[in-house]
Amino acid sequence: MPRPLHRGSSGGGVRILENCSDFWDDSQMKEKTEKEDVDRSRTNGSNNTYLSIKFPFRFLFLDSLSSKHSLSGNGFVSDPFSPGTLRNRHKLSLALLKFSLIVIVVLALTGSFWWAISITSSSRGQIFHGYRRLQEQLVSELYEISELSQGSSRLRDLDYCSQESENYVPCFNVSENLASGFSEGEEYNRHCAHGSNQHCLVLPPVNYKIPLRWPSGRDVIWFANVNITAQEVLSSGSLTKRMMMLDEDQISFRSGYSTFDVEDYTHQIAEMIGLRNESYFIQAGVRTILDIECGYGSFGARLFSNKLLTMCIANYEASGSQVQLTLERGLPAMIGSFTSKQLPYPSLSFDMIHCARCRVEWDKKDGIFLVEVDRLLRPGGYFVWTDPVINSQRSLRNKENQKKWNTVRGFAENLCWEMLPQQDETVMWRKASKKNCYSTRKPGSGPSLCSKGHDVESPYYRPLEACIAGTQSRRWIPIEDREKWPSRANLNSKELAIHGLHSEAFAEDAINWKSAVHNYWSLLSPLIFSDHPKRPGDEDPSPPYNMLRNVLDMNAHFGGFNAALLEAGKSVWVMNVVPTRGTNNLPLILDRGFIGVLHDWCEPFPSYPRTYDLVHGEGILSLEFHEQTRCRMRDLFTEIDRLLRPEGWVILRDRAALIEYARSQTTILKWDARVVEIEGNSHEKLLICQKPFFKRQAS
């Protein structure tokens with residue numbers, strides 16, 4: 001078990017209170033003099049002195065204190081600090097002082113602004129830079145004061161959630177959605193209202209155990225770690241669900257079971273493309289795959305050994321969740337639905353989309369679900385569909401299946417997809433590599449092309465579109481013309497120009513992240529490998545000592561953190577999150593052969609609790625809390641705690657003032673944390689935290 005980090009020092013909250021005491025020093029001296037005169041004629045003066053010492057900053061909690069001291073027996077208001085006249089005078093003084101502070105801040109900002117615009121052009125740049133830095137510090141401190149001024153309850157440790165929340169995912173409440181009138185699959189969709197975040201800490205199940213380390217954890221997981229019953233393990237479902245065995249307190253996964261074998265299945269798909277086996281997918285331009293209703297990730301687990309990256313998406317499931325079990329195995333997954341909204345990926349994102357007995361009704365709604373598949377596929381990409389409906393002999397005996405199959409085949413043809421030779425219950429189409437097919441279609445024979453101004457790069461849960469997207473994009477590059485993996489991770493100058501990025505800036509970003517990953521690993525190595533001797537700079541020990549597998553990057557920028565981890569040979573995969581509030585670099589990240597998603601961090605992330613080993617964020621605090629704050633930092637940290645596995649790690653890099661305040665939030669969450677200075681950079685700091693393993697007591 002890794003040793004926890006020692007707590008670091010942070011004076012965020014204390015510093016603010018000390019500054020506040022300077023402002024109120026004169027008023028307290030005056031109050032003290034007046035109270036001495038009053039106390040001579042009162043018999044309970046000792047009590048007042050005690051309360052004055054106990055609550056030196058009681059003006060911050062005036063409302064809560066006044067509620068505790070109501071009318072006394074003689075009909076007068078009981079005030080523990082001063083008589084009625086003194087209290088009124090005190091309140092008036094407080095109001096005047098508060099108003100004066102506001103006026104001073106407004107005048108200072110206004111005066112600074114007019115002074116800045118009146119200076120000469122030669123010195124304006126340097127002065128504005130210094131003024132901007134002072135303004136940022138002021139905004140940060142005012143935000144911190146506003147958080148503290150709401151009372152000590154904001155600084156109390158958060159309570160633990162009830163046992164019913166062990167596997168709960170906010171925004172996916174099926175019963176509430178049904179009560180709200182959602183139906184036809186919409187009840188399983190994501191509906192995030194304001195305040196969807198939980199305000200408690202999710203504890204793991206009673207018998208929870210730290211997952212086995214990669215690659216052992218890919219094939220064996222602890223039964224108690226996931227919300228699934230023995231019956232669900234043994235029952236058949238999608239093809240990949242059949243390959244599990246329940247052995248006492250473990251679930252084991254294997255490639256072959258009964259009539260289905262994943263290795264044979266991937267060989268079959270490769271042969272349909274014209275390849276010898278799945279190891280040649282990379283040469284055919286296939287690197288990233290979207291697996292719809294992936295079972296428990298066995299298809300992606302098989303392809304991972306061939307350097308293929310498979311993202312599993314499936315509907316929210318209260319029990320037996322495909323997404324939860326796939327993530328527990330150390331494989332990429334997130335909750336997603338084809339019901340009515342576009343998935344939060346830009347157009348032209350994946351080289352292949354796979355559906356093995358998934359429950360999407362491709363023949364419904366005029367083929368709009370296939371249009372969404374077409375939007376997500378890169379030119380020349382493949383759509384693989386395995387279903388009993390495709391079996392020609394069975395379809396001849398079932399008129400309904402035959403009609404469904406003919407409808408789907410007609411929709412695919414209207415999308416300019418080329419159907420490859422069919423095998424058994426599997427069919428594969430290839431998306432058009434060139435655009436001339438769309439102009440040669442018969443009028444009205446298929447979906448129209450989306451307009452030139454149609455935004456296809458930021459589809460954050462927008463309604464499904466019935467038009468063909470991506471044809472106007474500069475990213476329309478057939479997969480066979482792209483660089484093959486791993487060269488794809490380093491885009492050439494022509495591809496970078498498509499994203500408005502210069503080669504020099506891209507190269508500098510890569511160098512910085514390479515250095516950052518080296519420093520991160522040097523800091524964590526003595527701790528996460530504490531059960532295996534390792535000095536900073538030494539090679540990582542062999543499995544099972546790979547302590548990190550699932551990594552969440554909250555503000556992925558260009559995907560440089562992901563690239564540096566892979567270059568350093570770390571056995572991890574990274575969920576690259578691009579915040580909706582920042583610059584949308586997700587198309588660039590996906591074009592590099594990584595996986596990622598758009599997300600608004602004021603909302604819960606579409607994943608189950610305890611699904612990531614490391615959460616990383618560079619500049620996420622500045623992005624979300626620098627100017628207009630739409631949510632509270634405590635809500636963000638509570639969400640990180642929900643996503644983080646016990647004994648998992650958090651690394652945040654940001655401006656020093658925000659890091660110091662964030663350090664105070666870690667106390668509320670009961671994390672072990674410390675602040676680390678960055679050499680040669682006095683404006684930024686690192687916050688490194690570890691989530692302890694707190695167990696729920698068996699009832």
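Me: Is E639 buried or exposed in this predicted model?
Reply: Local features here need pLDDT of at least 70, side-chain atom pairs count only at pLDDT 80 or more, and totals for chains, interfaces and linings use all residues. Residues are numbered from 1 along each chain as its sequence is written, and side-chain values use heavy atoms, with hydrogens and water left out. Because E639 has a relative accessible area of 5%, and buried means under 20%, exposed over 50% and partly exposed in between (1.4 Å probe, protein chains only), E639 is buried.

Me: Which residues is E639 in contact with, leaving aside its neighbours within four places in sequence?
Reply: E639 has its place in helix 22, residues 633-643, where helices (H or I, at least four residues) and strands (E, at least two) are DSSP runs numbered from the N terminus. Taking contact as heavy atoms within 4.5 Å, and setting those sequence neighbours aside, E639 touches N197, P604 and F605.

Me: What is the handedness of the disulfide that joins C171 to C192?
Reply: A disulfide is a pair of cysteine sulfur atoms within 2.5 Å, and C171 and C192 form one with an S to S distance of 1.8 Å. The torsion about their S-S bond is about 100 degrees, so this disulfide is right-handed.

Me: What is the handedness of the disulfide between C416 and C437?
Reply: The sulfur atoms of C416 and C437 lie 2.0 Å apart. Since the torsion about the S-S bond of C416 and C437 is about -90 degrees, this disulfide is left-handed.
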